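Student: I am new to this structure. Please take me through the terms used for it.

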Amino acid sequence: MSEEKLKHQNKPFHRQQSVKISSSSKNNPRWLLIGLGLSAIAVFSATAGAILALSLSNTPLKQAKLTAAEEAVFNKEESITFDSLQIPKLNRPVNILVLGIKVTTSDLPDQVHEDVGYHALVNSFQGLSDSMLLLRFDPEKDYVTVLSIPRDTKTLVEGRGVTKINDANYYGGPALAAESVSNLLDGVTIDRYIRVNVQGIEKFIDALGGLNLYVPQDMKYTDFSQHLYIDLKKGEQHLDGNKAIQFLRFRYDALGDIGRVQRQQSFMRALIEQALNPRTILRMPDILSVVRAHLDTNLTTNELIALAGFTGKKNRSNVNMIMLPGDFNTPEEGELSYWLPDSNKISSVMAQHFDLESEYDNLATDLDPTTLRIAVQSNQENQETALKVVEYLQTQGYNRTFLTQQFITEPLLKTKIVAQQGDNYSAARIRADLGVGDVVVESTGVLKTDITIQVGQDWKTPNLDNTIDNSSVKTISY
């Protein structure tokens with residue numbers, strides 16, 4: 001149920017209450033206590049009901065049966081402790097592989113399906129991974145990190161050879177997917193997995209009451225073979241489950257799957273902020289019903305509770321979102337298109353955000369601003385201000401700063417300093433030099449840059465002697 005509907009339904013109750021309460025009792029704290037008490041009971045009941053339902057088994061949402069060898073792929077080290085109230089808490093960093101699975105009837109030719117005249121979606125986990133994320137919940141650094149791995153990433157999948165990483169789940173389930181990701185990411189440990197199918201995401205958004213999100217462009221695409229009809233308008237939108245799936249599945253622009261990964265990160269930020277809204281807990285029974293039917297995981301009940309408690313305390317600045325460093329290939333005719341991983345930059349990301357040893361550890365205190373590739377981005381009407389940002393950064397020694405014609409479409413009040421490759425050390429240094437803006441670790445900026453500065457309405461030009469000729473400022477149209 002949306003917030004607007006909730007308010008609308010509550011209006012008659014408030015009118016009745018105002019009639020019953022006399023003017024002498026308006027300031028009576030008894031009414032406030034009663035209201036708080038009823039709210040607390042409702043929240044407690046919803047939470048207790050959800051936890052009780054989960055507690056029916058130790059791994060309540062596990063739907064895949066793994067062999068002993070497959071189970072051994074995942075780390076068995078204990079990850080939780082209990083506080084004085086016996087509430088589970090994370091006691092170490094935990095890495096969880098999340099796979100978004102899209103399965104249609106054509107993907108399961110050996111199974112009998114009703115002939116509906118098109119390739120219908122199936123509630124299954126046996127298909128290709130349409131999206132792949134590695135999540136790190138780190139109680140030591142107090143951060144959540146989300147690493148997006150494009151589905152077209154070229155890598156070695158055991159038994160299949162060099163192929164796209166989204167093949168791994170189809171041919172070997174969550175264990176082969178985890179093994180392939182670990183090999184790609186410098187041997188990072190995978191503790192648990194979560195698999196969710198497309199139908200589950202749609203129903204989950206509906207159970208939340210929809211999602212408020214800024215759609216960066218008009219999105220229109222039709223695939224009759226799958227009954228996929230995408231028709232979204234640019235601007236601030238309230239998306240129900242069906243429209244949310246349209247937003248996530250759209251990939252028919254210049255950047256293809258990489259553009260979709262960037263939109264997925266924006267979607268996840270909005271989803272996290274809404275899911276952590278106190279009202280969400282009242283929807284827990286409906287949410288749990290959806291999760292039970294469309295999710296497969298080897299997380300235990302106590303681990304789920306510990307993760308929810310840890311994430312619930314995070315704000316936007318404590319959530320890092322990174323895309324696997326790499327670049328497009330240039331396939332010859334008839335060849336597959338791939339996202340080619342950059343092993344050196346991957347090592348940097350894994351060292352900084354996943355605590356894997358790397359030479360990058362020694363670079364954090366010795367950053368050279370002349371090596372950073374920085375894009376300055378603004379909306380189309382604010383290019384003059386963006387040009388001043390470029391000029392100022394060049395006076396500060398950031399010689400590889402350029403103005404991009406890839407415009408911001410969303411209204412931006414505050415300047416954002418986007419650590420495009422996950423390098424928050426460099427982003428923080430630039431923030432100190434600019435004296436304005438918020439540092440965010442995400443991959444929603446300009447590709448092939450280290451840092452993207454998205455100029456907001458808070459930018460004030462520093463009072464410096466400007467010695468740079470405008471003609472020397474590079475403008476790049478990507």
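This is a predicted model: local features need pLDDT of at least 70, side-chain atom pairs count only at pLDDT 80 or more; totals for chains, interfaces and linings use all residues.

Tutor: Residues are numbered from 1 along each chain as its sequence is written, and side-chain values use heavy atoms, with hydrogens and water left out.

Student: Why are helix 5 and helix 8 called roughly antiparallel?

Tutor: Helix 5 (residues 198-208) and helix 8 (residues 284-294) pack at an angle of about 175°, their axes 9 Å apart. Angles over 145 degrees count as roughly antiparallel, and therefore helix 5 and helix 8 are roughly antiparallel.

Student: What makes Arg-136 buried?

Tutor: Buried means under 20% relative accessible area (1.4 Å probe, protein chains only). Arg-136 has 6%, so Arg-136 is buried. Arg-136 lies in strand 4 (residues 129-138). Leaving aside neighbours within four places in sequence, the contacts of Arg-136 include Pro-93, Tyr-143 and Phe-354. A polar atom of the Arg-136 side chain lies 3.5 Å from the backbone oxygen of His-353.

Student: How do you know that helix 6 is mostly covered?

Tutor: Seven of the nine residues of helix 6 (residues 241-249) are buried, including Ile-245 and Phe-247.

Student: What caps the N-terminal end of helix 6?

Tutor: Asp-240 does, with a side-chain oxygen 3.3 Å from the backbone nitrogen of Asn-242.

Key
Axes are lines fitted to C-alpha atoms, for helices over the stretch in contact, and angles run from 0 to 180 degrees between N-to-C directions. Helices (H or I, at least four residues) and strands (E, at least two) are DSSP runs, numbered from the N terminus. Angles under 35 degrees count as roughly parallel, over 145 as roughly antiparallel, 65 to 115 as roughly perpendicular and the rest as oblique. Buried means under 20% relative accessible area, exposed over 50%, partly exposed in between (1.4 Å probe, protein chains only). A polar contact is a pair of N or O atoms within 3.5 Å; within protein, one must be able to donate a hydrogen and the other to accept it, and residues adjacent in sequence count only if both atoms are side-chain atoms. Contact means heavy atoms within 4.5 Å.
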